[in-house]
Amino acid sequence: MSYLSVDDVDAALEKAKAGGASVMREPFDVPGVGRIAILRQPGGAVIGWMTPVDMS
């Protein structure tokens, strides 16, 4: 599965839902990695979005 980096998973997911996407996995935190959500786009493709942990 592919993951795309987004600035804010929660905000991006709300916009995607408004556009017809469905949530397969609500946002969750992975320690040391970031915040992840998995969704199905209106066309049927499944993708993961992630806001990485700030490494600075």
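1. Arg35 has Thr51 in E4 as its bridge partner. This belongs to the antiparallel pairing of E3 with strand E4 (residues 46-52), which are joined by seven bridges. Two strands count as paired if DSSP finds at least two bridges between them. Strands (E, at least two residues) and helices (H or I, at least four) are DSSP runs, numbered from the N terminus.

2. On the basis of the model: it is predicted, so local features need pLDDT of at least 70 and side-chain atom pairs count only at pLDDT 80 or more, while totals for chains, interfaces and linings use all residues. Residues are numbered from 1 along each chain as its sequence is written, and side-chain values use heavy atoms, with hydrogens and water left out.

3. Five residues lie between the two strands. Gly44, in the turn, has a positive phi of about 105°. Arg40 stands opposite Val46 in E4.

4. Next, the other neighbour of E3. Strand E2 (residues 22-30) pairs with strand E3 (residues 34-40) in the antiparallel sense, over six bridges. Ser22 has Arg40 in E3 as its bridge partner. Phe28 stands opposite Ile36. This hairpin has three residues between the strands, and Gly32 takes a positive phi near 75°.

5. Pro31 sits in the loop between E2 and E3. Is Pro31 buried or exposed? Pro31 is exposed, because its relative accessible area is 75%. The cut-offs are under 20% for buried, over 50% for exposed, and partly exposed in between (1.4 Å probe, protein chains only). The C-alpha atoms of Pro31 and Asp7 are separated by 17 Å. These two residues are 24 apart along the chain.

6. E1 joins E4 in the parallel sense, through three bridges. Tyr3 lies in strand E1 (residues 3-5). Opposite Tyr3 stands Gly48 in E4. Tyr3 counts as partly exposed because its relative accessibility is 41%.

7. Tyr3 also contributes to a nonpolar surface patch of about 400 Å², together with Met1, Met24 and Val46. Patch members have over 30% relative accessible area and no salt bridge; nonpolar side chains (Val, Leu, Ile, Met, Phe, Trp, Tyr) are joined within 5 Å, like charges within 9 Å. A salt bridge is a side-chain nitrogen of Lys or Arg within 4 Å of a carboxyl oxygen of Asp or Glu. Accessible areas come from the Shrake-Rupley method with a 1.4 Å probe, and for residues only the protein chains shown count as cover.

8. Cover on the strands. E3 is mostly covered, with five of its seven residues buried. E4 is mostly covered too: five of its seven residues are buried.

9. Which residues of helix H1 (residues 9-18) are buried? They include Val9, Ala12, Leu13 and Ala16. Seen down the axis of H1, the buried residues fall within an arc of 100°, so they line one face of the helix. The arc is taken from the directions from the helix axis to the C-beta atoms. Lys15 and Ala18, on the other side of H1, are exposed.

10. What covers the buried residues of H1? The cover includes E2, E3 and E4. Contact here means heavy atoms within 4.5 Å.
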